[in-house]
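Please open the structure in the viewer and keep the selection panel at hand.

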Amino acid sequence: MKTVLVLHGINLNMFGKRDPVHYDTITLKEIDGQIAELAASLGCAVECFQTNHEGEMASRIHQAHDDGIDAVIINAGAWTHYSYGISDALAILKVPIVEVHMSNVHARDAFRHHSVFSHVVKGQICGFGVHSYLLGLRAAWSMIKDA
Ligand code: DQA
């Protein structure tokens, strides 16, 4: 069975408690639940991981490489905009990577308009709340299901 790894970065454990205008009131646990439900209906396995520590995120990406994960979905939170360390870690992977954001980052502060992952991801989905993740999973699945 194909496995998709969903990575949540810094501060995303606080979904449900932070900035409901941009992130709604859904919790990370509920987001992961919806992802797991969709994965089951598609017929793929999914693993979800969250950390607030950049080195732990890099190590989880290295592990994904060694495990032979089939695709990655990443919402790295603010790291998206400046972490060359996470960008370099993602660049090690040979599998499709989809970048997602709950909020429409392009309609927000200027520093959120730029992603340092753009050159290593297949595409980006933002602005649809939890559906950004679900659309990201569908996009990842479409790239790996017949491979
Ligand atoms: C976010 C957008 C980022 O700019 C922000 O730093 C986050 C969440 C999103 O899901 O909309 O923490 O990635």
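The model is predicted: local features require pLDDT of at least 70 and side-chain atom pairs pLDDT 80 or more, whereas totals for chains, interfaces and linings use all residues. Residues are numbered from 1 along each chain as its sequence is written, and side-chain values use heavy atoms, with hydrogens and water left out.

**The ligand**

Select the ligand together with Leu12, Arg18, Tyr23, Asn75, Gly77, Ala78, His81, His101, Met102, Ser103, Val105 and Arg112, which surround it (a residue is near if one of its heavy atoms lies within 4 Å). This shell comprises five nonpolar, five polar and two charged residues; Ala, Val, Leu, Ile, Met, Phe, Trp, Tyr, Cys and Pro count as nonpolar, Asp, Glu, Lys and Arg as charged, and the others, Gly among them, as polar.

Next, display the distances to oxygen atoms of the ligand. A side-chain N or O atom of Asn75 is 2.7 Å from a ligand oxygen, and a polar side-chain atom of Arg18 lies 3.1 Å from one. At Met102, a backbone N or O atom lies 2.8 Å from an oxygen atom of the ligand. The protein covers 99% of the 320 Å² of accessible area that the ligand has on its own (Shrake-Rupley method, 1.4 Å probe).

**Arg60**

Now select Arg60, in helix α3 (residues 54–67); helices are DSSP runs of H or I with at least four residues, numbered from the N terminus. Is Arg60 buried or exposed? Arg60 counts as buried because its relative accessibility is 9%, the limit for buried being under 20% relative accessible area (1.4 Å probe, protein chains only).

Finally, show the side chain of Glu47: a polar contact of 2.7 Å joins it to the side chain of Arg60. A polar contact is a pair of N or O atoms within 3.5 Å; within protein, one must be able to donate a hydrogen and the other to accept it, and residues adjacent in sequence count only if both atoms are side-chain atoms. Not counting residues up to four places away in sequence, Arg60 touches Leu5, Leu7, Glu47, Phe49 and Asp67 (heavy atoms within 4.5 Å).

Note on methods. Helices (H or I, at least four residues) and strands (E, at least two) are DSSP runs, numbered from the N terminus. Buried means under 20% relative accessible area, exposed over 50%, partly exposed in between (1.4 Å probe, protein chains only).
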